[in-house]
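Subject: Structure for you to look at

Hello,

Here is the structure I promised to pass on. Please open it beside this email and follow along.

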Amino acid sequence: MGWRSLALGMVAALGLALPVVAADRAIIVLDGSGSMWAQIDGKARITIARETLASVLTDLPDDLELGLMSYGHREKGNCDDIEMLVEPGPGTGPAIVAAAEAINPKGKTPISEAVRRAAETLQFTEDKATVILITDGLETCDVDPCALAADLENRGVDFTTHVLGFGLSDEEGQQVACLAENTGGQYLSAQDGDALVDALSTTVAQVTQAETAPVPEPEPKPEPVAEFNLVPTIALAEGSPDITNDDYDVVWEWFTPKADGTPGEQLDTDYYADFKGNLEPGDYIMKGSVERASVEQTVTIEAGKVATPHFVVNGTIVKLRPLPSEGAAVDDQATVEIRSNGEYLTTEYGPIDMVLPAGPTEIDFTIGTAKVTRSYDLKAGETVDEDVVIGVGTAKLSAAYVAGMAVEADIFFEILEAKKAIDGSRTSVVYGYGGEQSFELPPGDYVVAYRLGGAAGEVPFSVKTAELTEVPVVLGAGILAVATPADEYVEAFGAAKTIEGNRQSFGYGYGPAFETTLPAGDYVVLTRKDDAQSETPVTITAGERFELTVTPKAGKTK
């Protein structure tokens, strides 16, 4: 998905809502969960969202009262991490843009609770109100968004939610689309730019017409013979009890059949286990899903009769809790990648409680750089309920020029396996920048290689499960700062020469100000511009700064 498609989707979502709430109040709910750091075309989703809000909110109606709410931006694993960043009011565009810039995604995705709080802030039971949800993930806090939307619609005066699915698949989008559909709003997917532009152009045109022209009264419909002519039921396995609304999420979809019996055009979707509906007489292909397990069958609707098809999805209830170590708390940020029957199925985070298709299943649990793979032969109607211990320790690296003098610069750390290959190389595990860094690692022996300017080296350490290992990295180095009168070339060499008469280079650059970190010792600083050059001996002391001002003179390099 490209930036242009995403921006158009968000602008259209706002464009859809604003004509309806003009002279009224609306709240944008912006996803601040940890997954917003994922990238689209090389740019983080949260960055794209900030830039889009800055563009869209530059020109708003003077009488529009707009606010901003976010969730998951302050704490990990807290379903109550929801905050009203900008109270609804006129002229809040700049304040919303500034607040979005300060969001630091890190936590869970309490979509339903955020929408409910936004609705209550807007006093939706007394006044017309609109919530515009921008999310790149699904509900992670055990609340049914579909039921919430129905409740808000029933209690609200004129309440609407519009949902922008941010990089969601079609199946994922269906799990949040009910927030819009059950409140008379629209779900907009930012997946295909051209299709999205066409769909939203049509929608905006229809909204404009609805604003300016009266809606004709619908023609009376004939009374159905029965209240409903389609009453499906669904179960995990043959002989299992039917799934209810209080069990697991159910999705119903029905399609026109193609000539070869496969699904054709999708006609509609419903999100309640106890769905009852009316369809025109004819043949349909209907798909019933319980979480990730689904099945299709042909359903025939006959005039004057009620069809009661039963769907058996052959699903297994899977409850797995990733732990960094035995007896530790569940890691809500652990990555859980699921492969079912040899194919990738989904990636989740933290503990999972969901229905998966029966059959051979592999699940990767990852915390930091530690990964455990479990294999299961899932049986329909059964429950798998267990803790999964990954086995993780923490290495905390801290850099100092000398003991007690911390490195504030972005020193490069790379953690490698201690064991060397036959060619002398080591396997890289993870890397990062910064004077203090922590890494979650499997137990074992490691080496941290560091580099800051001309200072480089290695420090061995070991990690044990459930333990914190402090790894002090003392560079024994100081800083060389060279000032030259113009943009001279500057290079620092070790003072000692090899048997061939060469010196080791420890870094180079250009003036008028050149600065680097060097291990304590003797050096020669070469400056050169055109045919003028100069060599100056210097001594670097660990933990000290050496400042040198030089003017190159004509001559050859020594």
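Leaving aside its neighbours within four places in sequence, which residues is Ala44 in contact with? They are Met36, Trp37, Ala38 and Gln39. Ala44 sits in strand β3, which covers residues 43-44. Its relative accessibility is 11%, under the 20% cut-off, so Ala44 counts as buried. Please keep in mind that this is a predicted model.

**The whole chain**

The protein chain has seven helices and 37 strands. It holds 558 residues, and 46% of them are buried. Now take the contacts between residues at least 6 apart in sequence. Of these, 62% join residues at least 24 apart.

**Helix α2**

Start with helix α2, residues 45-56. It has twelve residues.

Which residues of α2 are buried? They are Arg45, Ile46, Ile48, Ala49, Arg50, Thr52, Leu53 and Val56. Here is a rule to hold beside that list. An α-helix has 3.6 residues a turn, so residues three or four places apart point the same way.

In soluble globular proteins, nonpolar side chains tend to be buried together. The largest nonpolar core here has 28 residues. Within this core, Ile28, Leu30, Leu57, Leu66 and Leu68 touch the most other members. Several elements each supply at least two of its residues: β1 (25-31), α2, β4 (65-71), α3 and β6 (128-135). Helix α2 gives the most, with five residues. A second, separate core has 25 residues. Ile111, Val131, Phe159 and Ala180 are among them.

**Leu66 and Thr92**

Leu66 is worth a look. Not counting residues up to four places away in sequence, Leu66 touches Ala26, Ile27, Ile28, Leu57, Leu60, Glu87, Pro88, Gly89, Thr92 and Ile96.

Now go to Thr92 from that list. Thr92 lies in the loop between β5 (82-90) and α3 (93-101). Is Thr92 buried or exposed? Its relative accessibility is 11%, so Thr92 counts as buried. Its contacts, again without residues up to four places away in sequence, are Leu66, Val86 and Glu87. A polar atom of the Thr92 side chain lies 2.6 Å from the backbone oxygen of Leu66.

**A sheet of four strands**

Next, find the open sheet with the strand order β17-β16-β19-β20. Its four strands have antiparallel pairing. Which strands form the edges? They are β17 (343-349) and β20 (370-378), and each pairs on one side only. From one strand to the next, the twist averages 20°.

Look at the pairs one by one. Strand β16 (residues 335-340) is joined to β17 by six bridges. Across this pair, Arg339 has Tyr344 in β17 as its bridge partner. The two strands form a hairpin with two residues between them. Asn341, in the turn, has a positive phi of about 50°.

Ile367 stands opposite Ala370 in β20.

Most residues other than glycine have a negative phi, and most peptide bonds are trans. Here are some exceptions to check.

- Gln123: phi is near 55°, a positive value. Gln123 is in the loop between α4 (111-121) and β6. At 40% relative accessibility, Gln123 counts as partly exposed.
- Ala466: phi is positive too, at about 70°. Ala466 is in the loop between β28 (455-463) and β29 (468-474). Its relative accessibility is 54%, over the 50% cut-off, so Ala466 counts as exposed.
- Pro512: a cis peptide bond joins Gly511 and Pro512, with omega at about 10°. Pro512 lies in the loop between β32 (503-510) and β33 (513-519).

Best wishes

Conventions: Residues numbered from 1 in each chain as written. Predicted model: local features only at pLDDT ≥ 70, side-chain atom pairs only at ≥ 80, totals over all residues. Heavy atoms only, no water. Expected span 1.5 Å × (residues − 1). Buried < 20%, exposed > 50% of the residue type's maximum accessible area, 1.4 Å probe, protein only. Pairing = 2+ DSSP bridges. Axes fitted to C-alpha atoms, helices over the stretch in contact; angles between N-to-C directions. Polar contact = N/O pair within 3.5 Å; in protein donor to acceptor, adjacent residues only side chain to side chain. Contact = heavy atoms within 4.5 Å. Core = buried A, V, L, I, M, F, W, Y, C linked by side-chain atoms within 4.5 Å.
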